[in-house]
Amino acid sequence: MSSSSPTWLHENFDHTGSAFGLRMVRKLDEVQSPFQKIEMYESTDWGNVMLIDGAMMVTTRDNFFYHEMMAHAPLYTHADPKDVVIIGGGDCGTLREVLKHPGVRTAVQCDIDEQVTRMAEKYFPELCESNNDPRATVMFDDGIAYMENAAPESIDVIIVDSTDPVGPAEGLFNQAFYETCLRALRPGGLLVQQSESPLALMQLILDMRGAMTDAGFVDFRTLPFPQPCYPTGYWSCTIASKEKRDLTHFRKADAAAKPFDTQYYTADIHQAALVLPPFAARVLGG
Ligand code: SAM
């Protein structure tokens, strides 16, 4: 691919019979880690693009939808989040958003693959700008092991920002993992997990909620949001609570007065995301 002849790169989503393509200027880098293949491209219109095992993970242009919803929706749903753990999140975008909350006192990011973060530091430095925040710990380990060893009632919000439930991430979508999360959460604690596309993978969301229920979580809310470079472009995060509570209630005044800029998340966007369209509400019950 020479710079004079941009070439289209398409990711085919076999399970949805669809694809997403970006016009690329050149390939910037590639590394085969012990866990996955990480590729980096420069696109003509979407900035840099990271793929993991052929799946588009992050683009400069549209990552804000995902990182902002994965961080601010659960943090403003929690009464007073102080200690946050991100499982996965190796591109560091979610960590950067979490650290915008002045009340957060510790934020641990545990990704299994150090190469993802090393590539993000080179090609998405803006996502890594908070990695040296004194409250941040960027570590590399299997999130399954991390949560198994986490101290009981030591975390306020767990954010599972992982790849799809295949390969190293498969074990992050089952009852055994959710049981370790439940034990590690303090009273009032919340688990949030990227829950794929409600348009194409509703059964996965139901399966996740079923495993979370079996693990002891008692209330759930799935919040849809746009994510153009992911399958169907219609994505979601699912919030689960340790105790019975109405997850449609969040700190709306705090969110409206947030002391930081965002490109997508606002208190009104959060409020709107709590209203599922009929096709999803019929299945997920709101
Ligand atoms: N936003 C993306 C999505 O929704 O697919 C996820 C981005 S982030 C790059 C996904 C991260 O999950 C990767 O860096 C990968 O290394 C990490 N990951 C996968 N399985 C893991 C595990 N068992 N423990 C910790 N991190 C894991």
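## Helix α5 and its surroundings

The buried residues of α5 pack against β6 (83-88), α4 (143-149), β9 (155-161), β10 (185-194) and α6 (202-215), where packing is counted as contact, meaning heavy atoms within 4.5 Å. Helices (H or I, at least four residues) and strands (E, at least two) are DSSP runs, numbered from the N terminus. This is a predicted model, in which local features need pLDDT of at least 70, side-chain atom pairs count only at pLDDT 80 or more, and totals for chains, interfaces and linings use all residues. Residues are numbered from 1 along each chain as its sequence is written, and side-chain values use heavy atoms, with hydrogens and water left out.

Which residues of α5 are buried? In this helix, residues 175-184, they are F177, Y178, T180, C181, L182 and A184; buried means under 20% relative accessible area, with a 1.4 Å probe and protein chains only. At the start of α5, the backbone nitrogen of A176 has a side-chain oxygen of N174 within 3.3 Å.

## A look at S195

Follow the chain on to S195, which sits in the loop between β10 and α6. S195 is buried, its relative accessible area being 0%. Its side chain makes a polar contact with that of T238 at 2.8 Å. Such a contact is a pair of N or O atoms within 3.5 Å; within protein, one must be able to donate a hydrogen and the other to accept it, and residues adjacent in sequence count only if both atoms are side-chain atoms.

Setting aside neighbours within four places in sequence, S195 is in contact with L204, I205, M208, T222, S236, C237 and T238.

## Where the two domains meet

The domain assignment, automatic or from a database, gives domain 1 (2-57) and domain 2 (63-284). Their centres, taken over C-alpha atoms, are 24 Å apart. In all, 21 residues of domain 1 are in contact with 19 residues of domain 2.

Together the domains bury about 1900 Å², 72% of it on carbon and sulfur atoms; this is the accessible area (1.4 Å probe) that two parts lose on being put together, summed over both. F35, M50 and M57 supply 26% of the area that domain 1 buries against domain 2, more than any other three residues.

How many salt bridges lie between domain 1 and domain 2? The count is one, a salt bridge being a side-chain nitrogen of Lys or Arg within 4 Å of a carboxyl oxygen of Asp or Glu. Six residue pairs, both at pLDDT 80 or more, are in polar contact between the domains.

Conventions: Buried means under 20% relative accessible area, exposed over 50%, partly exposed in between (1.4 Å probe, protein chains only).
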